[in-house]
Each structure stands twice: as C-alpha cells, then as structure tokens.
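Morning, everyone. I have one structure to walk you through today. Please have a look at it before I start.

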Amino acid sequence: MTRASETDGQPGRRAFPITPDRLTIAAFLVILAAPSLVQLAAEAVRGQRPAALQLFTRRPTPENLRAFEKSLQDSSVTVRALRPLMQAAQWFLLRNAGEKAISGCEGWLFYRPGIDATT
C-alpha cells in the first residue's frame with residue numbers, strides 16, 4: 001500500500017478521519033472495557049488471580065453461575081466505588097429510595113419487605 005492510497009491521494013488527510021460517530025463508538029467501547037481493566041489492575045496489584053477465571057473452575061450450572069456472578073459483584077472495585085455515588089444521586093436528584101426502601105414523612109426511610117410483611 002502506498003502513502004497516497006492511505007490518504008486518498010490528498011496530503012494532510014487521514015485515511016480514517018475522526019468523526020462524531022467514531023468518537024461515540026470509541027467512548028462506548030472505553031466505557032464497556034474500563035471496569036474490567038480496572039478490576040484486573042486492582043487484582044494484579046493485590047497479587048490475586050483474576051476473579052473472572054473462577055468461571056472455568058466449576059461446571060456451568062445455574063447455581064454455580066449465580067454464585068459466580070454474585071462473587072464478581074461483591075469483589076468489584078468499580079461497584080464498590082460507584083454504587084454509593086449512584087444511590088446518593090438517585091435519592092437526591094430523583095427522590096427514589098430504591099427497590100427495597102420506601103420514603104416516609106420528614107425524610108424517614110422504611111424497609112419495604114418489613115412494611116409488606118406488616119400489611
């Protein structure tokens with residue numbers, strides 16, 4: 001491939017110009033990959049084996065897959081860092097206490113399963 005064919009024969013023009021749609025795709029891919037890369041880096045710093053490899057140590061039964069998913073969620077650096085911020089934003093911006101809470105008078109919060117059991 002010659003230099004002219006890489007730039008469509010026009011000097012100073014890139015073969016793959018940066019366009020808004022390409023930037024959006026790149027940002028989306030970074031958002032998808034970032035939590036996994038952060039988790040891998042955190043586990044490497046701690047000297048641990050990547051938790052995602054646990055998937056290959058057991059038979060893929062529904063129970064084992066649920067347990068695997070739960071262990072990944074519990075050990076996730078990203079979840080532990082972002083969940084409190086998202087819950088605070090959900091409460092302060094939307095006044096939504098979440099699926100397991102009911103907001104009462106004067107800012108009181110009640111545990112939904114407890115309310116459901118008494119009514």
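This is a predicted model, so let's begin with confidence. The mean pLDDT of the protein is 87. Of its residues, 88% reach 70 or more.

Next, a pair of helices. Two packed helices are described by the angle between their axes and the distance between the axes. Helix 3 spans residues 62-75, and helix 4 spans residues 77-94. Their angle is about 65°, and their axes are 5 Å apart. Helix 3 brings Q73, D74 and S75 to the contact. Helix 4 brings V77, V79, R80 and R83. By class, that makes two nonpolar, two polar and three charged residues.

Now, how many salt bridges does the structure hold? One. The side chains of D74 and K70 form it, at 3.2 Å from N to O. The two residues are four apart in helix 3, so about one helical turn separates them.

Note on methods: Residues numbered from 1 in each chain as written. Predicted model: local features only at pLDDT ≥ 70, side-chain atom pairs only at ≥ 80, totals over all residues. Heavy atoms only, no water. Axes fitted to C-alpha atoms, helices over the stretch in contact; angles between N-to-C directions. Contact = heavy atoms within 4.5 Å. Nonpolar A, V, L, I, M, F, W, Y, C, P; charged D, E, K, R; others polar. pLDDT = per-residue confidence, 0-100. Salt bridge = Lys/Arg side-chain N within 4 Å of Asp/Glu carboxyl O.
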